[in-house]
Amino acid sequence: MSLTDADNKITYDAIVIGAGVIGPCVATGLARKGKKVLIVEREWTQPDRIVGELMQPGGVRALRSLGMVQSINNIEAQPVTGYTVMFNGEKVDIPYPYKSDVSPLIKLDDLVHDGNDQVVDDKYITRKDFEDDERERGVAFVHGKFLTNLREIVKREPNVTCLQGNCIEILKSDNNEVIGAKVDVPNRGKVDFKANITFICDGIFSHFRKELNPQHVPTVNSSFVGMALYDTALPTEQHGHVILGNNHMPVIVYKISPNETRILCAYNSAKVTKDIKSWMIKDVQPYLPKELKQAFNTALASGKYRAMPNSYLPAKQNDVIGLCVIGDALNMRHPLTGGGMTVGLNDVVLMLQKIGDLDFNDRATVLDELLDFHYDKKNYDTVINVLSIALYSLFAADSKNLKALQKGCFKYFQRGGDCVNVPVQFLSGLLPSPFQLTKVFFAVAIYSVYLNIEERGFLGLPMALLEGIMILLTAVKVFTPFLLGEMMG
Ligand SMILES: Cc1cc2nc3c(=O)[nH]c(=O)nc-3n(C[C@H](O)[C@H](O)[C@H](O)COP(=O)(O)OP(=O)(O)OC[C@H]3O[C@@H](n4cnc5c(N)ncnc54)[C@H](O)[C@@H]3O)c2cc1C
């Protein structure tokens with residue numbers, strides 16, 4: 001069957017709009033649960049994007065739960081074993097958590113079979129490393145190649161029909177229930193497809209998230225400017241890097257193939273300057289570690305920059321009959337901590353646990369379960385979302401108090417032990433506890449106050465105490481509104 005032949009005479013169990021990271025996982029999961037699924041993508045050829053390139057261990061585990069982890073195989077994906085945080089030239093290596101410290105893997109019934117929850121061996125990823133390592137692992141890859149693998153998996157599912165086309169409208173009945181989607185199909189024109197439930201997975205620039213609520217719109221306060229660095233060493237191999245300092249915005253760096261390294265440089269505005277090169281030379285280049293400088297200069301000379309907006313969007317409840325919005329269409333956070341795919345994939349796992357075994361004809365029961373889904377996923381998503389926003393505020397520090405917190409955070413990591421073991425569990429998507437996150441965040445704030453007192457010395461104590469109050473108030477201000485927003489929304 002060609003990509004434009006989908007039958008529009010039948011009612012599908014589910015239509016999935018978008019075959020990015022999340023759509024193919026939703027469609028594959030539902031198909032393996034016996035549902036008849038139509039997945040619509042406007043462009044099935046391999047995309048070239050600078051998003052979704054480092055997957056945290058929590059995301060890899062979700063792929064295993066879905067029986068789709070082999071999507072990271074045979075694309076020259078690079079294992080990631082931890083993070084390196086650099087601050088004014090000093091560095092701390094933070095390995096990912098021990099497997100024994102995190103909860104056991106969930107294997108979804110009907111989805112996991114014949115070892116598809118384990119990677120196979122290729123030149124860079126081996127089953128032995130991923131299975132036998134006592135620590136969790138993440139992975140980094142060329143996004144388009146990963147997507148191609150996910151799309152190959154979904155295309156192989158007998159219960160799935162793949163359709164090339166641009167979805168232009170969500171179809172509704174007279175009583176405002178969603179009944180399918182109108183798709184502009186090449187050489188066929190605008191065709192109506194019907195389903196018991198329609199999943200919106202149309203990503204960051206989602207056109208259809210507003211079907212949940214017209215106010216469901218993201219805020220954008222910063223951007224990332226990305227470049228590809230070729231044939232460079234990293235300060236720590238197999239690690240993601242966060243480069244911080246008093247005088248510059250955060251820079252993140254990770255290897256996505258044997259010879260390509262992604263660098264993303266934060267820019268503190270939704271719209272980037274027209275003269276990116278001058279900004280890079282003045283505000284990024286001087287602060288990079290020596291290992292990266294040569295490749296950075298070469299990339300700069302080639303002039304190939306790409307900018308992406310960094311959006312924030314807390315999730316809304318899926319409360320419309322026949323509709324489920326999921327992935328970036330539903331919920332976004334700052335990409336600094338590389339948590340987007342991890343949140344989306346874990347939402348897919350949970351969604352399948354909630355509704356995967358239901359009869360989708362029973363739309364009221366499906367809706368009930370989706371209403372619960374909103375609350376069940378909160379702990380997991382809140383930790384990753386709030387962490388990303390709070391860390392971005394600290395790491396892009398533009399005030400004295402934020403700079404004190406930034407330094408305090410780095411010095412806290414330098415203490416080692418639980419001062420890194422617990423935070424890295426949040427980053428990895430392996431400790432879904434907003435309470436613990438709050439405890440750690442305020443431990444960092446108190447430590448920042450202590451460091452400031454120490455620096456001021458005995459004579460400066462009155463001033464240090466005053467400053468301490470300001471530092472704590474700043475910590476409350478950057479953390480609490482987001483925590484409450486995520487938990488209460
Ligand atoms: C700069 C940046 C860097 C990031 N880095 C990371 C990272 O390192 N790690 C991480 O985990 N996350 C990262 N993210 C987030 C990550 O990219 C997203 O969380 C993830 O891609 C979301 O997947 P999705 O399927 O919801 O959306 P997408 O991957 O955006 O997929 C949406 C799909 O829908 C299709 N589509 C859209 N509209 C229509 C339509 N009308 N009809 C048919 N098809 C349609 C699109 O063509 C696309 O294929 C980053 C984000 C940004 C902005």
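1. Start with a charge over a ring: Arg135 lies over the face of Tyr98, 3.8 Å from the ring centre. Keep in mind while you look around that this is a predicted model.

2. Next, the aromatic rings. Searching the whole structure turns up 10 aromatic pairs. One of them joins Tyr412 and Tyr447 edge-to-face, with 6.1 Å from centre to centre and 65 degrees between the planes. This pair links distant parts of the chain, since Tyr412 belongs to helix α10 (residues 400-414) and Tyr447 to helix α12 (residues 434-456), 35 residues apart. Both Tyr412 and Tyr447 are buried.

3. Now have a look at the second largest pocket, with a volume of about 400 Å³. Its lining is made up of 20 residues, and Ser103, Ile106, Asn346, Tyr380 and Pro432 are the ones nearest the centre. By type, the lining splits into nine nonpolar, six polar and five charged residues.

4. Which helix gives the most to that pocket's lining? That's α7, with five residues. At least two residues each come from α2 (57-65), α7 (340-355) and α9 (378-395).

5. Last, a hairpin. Strands β5 (residues 82-87) and β6 (residues 90-95) pair antiparallel over six bridges, and Gly82 stands opposite Pro95 in β6. Two residues lie between the strands, and in this hairpin Asn88 takes a positive phi near 50 degrees.

Technical notes: Residues numbered from 1 in each chain as written. Predicted model: local features only at pLDDT ≥ 70, side-chain atom pairs only at ≥ 80, totals over all residues. Heavy atoms only, no water. 1 Å grid on protein atoms, 1.4 Å probe; cavity = no way out; pocket = protein on both sides within 12 Å on 5 of 7 lines; lining within 4 Å. Points joined across faces, edges and corners; volume = space filled by probe spheres on them. Helix = DSSP H or I, 4+ residues; strand = E, 2+ residues; numbered from the N terminus. Nonpolar A, V, L, I, M, F, W, Y, C, P; charged D, E, K, R; others polar. Pairing = 2+ DSSP bridges. Phe/Tyr/Trp six-rings, centres within 6.5 Å; stacked < 30°, edge-to-face > 60°. Buried < 20%, exposed > 50% of the residue type's maximum accessible area, 1.4 Å probe, protein only. Lys NZ or Arg CZ within 6 Å of the ring centre and 35° of its normal.
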